[in-house]
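I opened my notebook on this one to look at how it is packed. Here is the structure, and my entries follow below it.

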Amino acid sequence: MRPAVEPTVANTSRGARLRLLDPDSRAWLLRLRAGGAEQDRALAELHRLLLGAARFALSRRASQVGREGFDDLAVQAADDALVAVLGRLDDYRGDSRFTTWAWKFAFYEACVALRKRRWLGREVPVEDEAWDALGHQAGPDVSVEQAEVLAALRRAVHEVLTPHQRAVFVALALNEVPVDVLAERLGTTRGALYKTLHDARDRLRRTLADVELLPRPAGRGSRR
Amino acid sequence: MSWRKHTTTSPWLGRVLGPGRPEVGCDECFALLDRYVELELAGADAEASFAGMEAHLLGCPACAEEHDLLLEYVRGSAG
């Protein structure tokens, strides 16, 4: 008889899920849980895999990181990624190849480490500097309409945002402080800060839409 | 006055105010990123499978950077 629900990787037990994976991904999971020498070899191999991705990420940002400490940063990112991968191994559903799933942890760790290093010892710029910089980005030939939008946006930031929304918006959107850096300084998470930024942007867009300087945003808030 | 003048000619405004449409959060983006990238590389309509991912990648420079690196790396590893 045909089952009521087609078996997929997501809705099956661990054993059944293993059988649905591609052979390489299945081999990774089996070896990482094998115990003994086979597991040790798999862990070393996985670390090399993550280190390669971390080095790739840092090499793409070589002008920001410099050669000094490059290897240490890559190894630390790979170490952190390995811990994250092993800690979330049960979350791997086989929706992608295992290597793709594992690499995203390496890129996350390498990028976060790099952002924090770039901002080490730097203060978040004050707001006035950010508005001046934004005016320069708009260009010397800024139109009357764009200048009007910029002025309305600046007013709205002060009038419609809460103090916390304003601080987050100014830091992330105006001054381009990396979200991980601000999250660390404020003792919160990237997700929580981005939600605050999203709500602030939505409120600003609606305010500018009320005076017909922007279209009304599509949908209400984030999907979550 | 038409707002279209601003939204079509002001990249700085898009960068500051984001995409202006529903999007996933950073945590959901990370959870879906590997599958999303593989769909992109397969030439599938990744956004149709994961609505709100594209908007988030437009609005979040951190997630966009990690997406771009993963996409490039997986593409290179397949070659």
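**Helix, core and interface**

I started with H6(A), which is mostly covered, with 17 of its 21 residues buried. I should say at once that I am working from a predicted model.

Next I checked the length of H6(A). At 1.5 Å a residue, its 21 residues should span 30 Å, and I found its end C-alpha atoms 31 Å apart, which agrees.

Then I turned to the core. How many residues does the largest nonpolar core have? I found 78, and those with the most contacts inside it are Leu50(A), Ala54(A), Ala106(A), Phe107(A), Ala110(A) and Phe169(A). Helix H6 of chain A (residues 98–118) gives the largest share of this core, 13 residues. I also looked up where the core sits: domain 1 (14–118) and domain 2 (127–210) of chain A both give residues to it, so it lies between them. A reminder to myself: in soluble globular proteins, nonpolar side chains tend to be buried together.

I noted 35 residues of chain B in contact with 42 residues of chain A. On the chain B side, the elements giving two or more residues are helices H1 (4–9), H2 (11–17), H3 (26–41) and H6 (61–78) of chain B. H3(B) supplies the largest share of that side, nine residues. Sorting the residues of that side by type, I got 18 nonpolar, seven polar and 10 charged.

Conventions: Residues are numbered from 1 along each chain as its sequence is written. Chains are lettered from A and ligands numbered from 1 in the order in which they are written. This is a predicted model: local features need pLDDT of at least 70, side-chain atom pairs count only at pLDDT 80 or more; totals for chains, interfaces and linings use all residues. A nonpolar core is a set of buried Ala, Val, Leu, Ile, Met, Phe, Trp, Tyr and Cys residues joined through C-beta atoms within 7 Å. A residue is buried if 20 or more other C-beta atoms lie within 10 Å of its own, exposed if 12 or fewer, and partly exposed in between; C-beta atoms are placed from the backbone. Helices (H or I, at least four residues) and strands (E, at least two) are DSSP runs, numbered from the N terminus. Domain bounds come from an automatic or database domain assignment. The expected span of a helix is 1.5 Å times one less than its number of residues. Two residues are in contact if their C-beta atoms, placed from the backbone, lie within 7 Å. Ala, Val, Leu, Ile, Met, Phe, Trp, Tyr, Cys and Pro count as nonpolar, Asp, Glu, Lys and Arg as charged, and the others, Gly among them, as polar.
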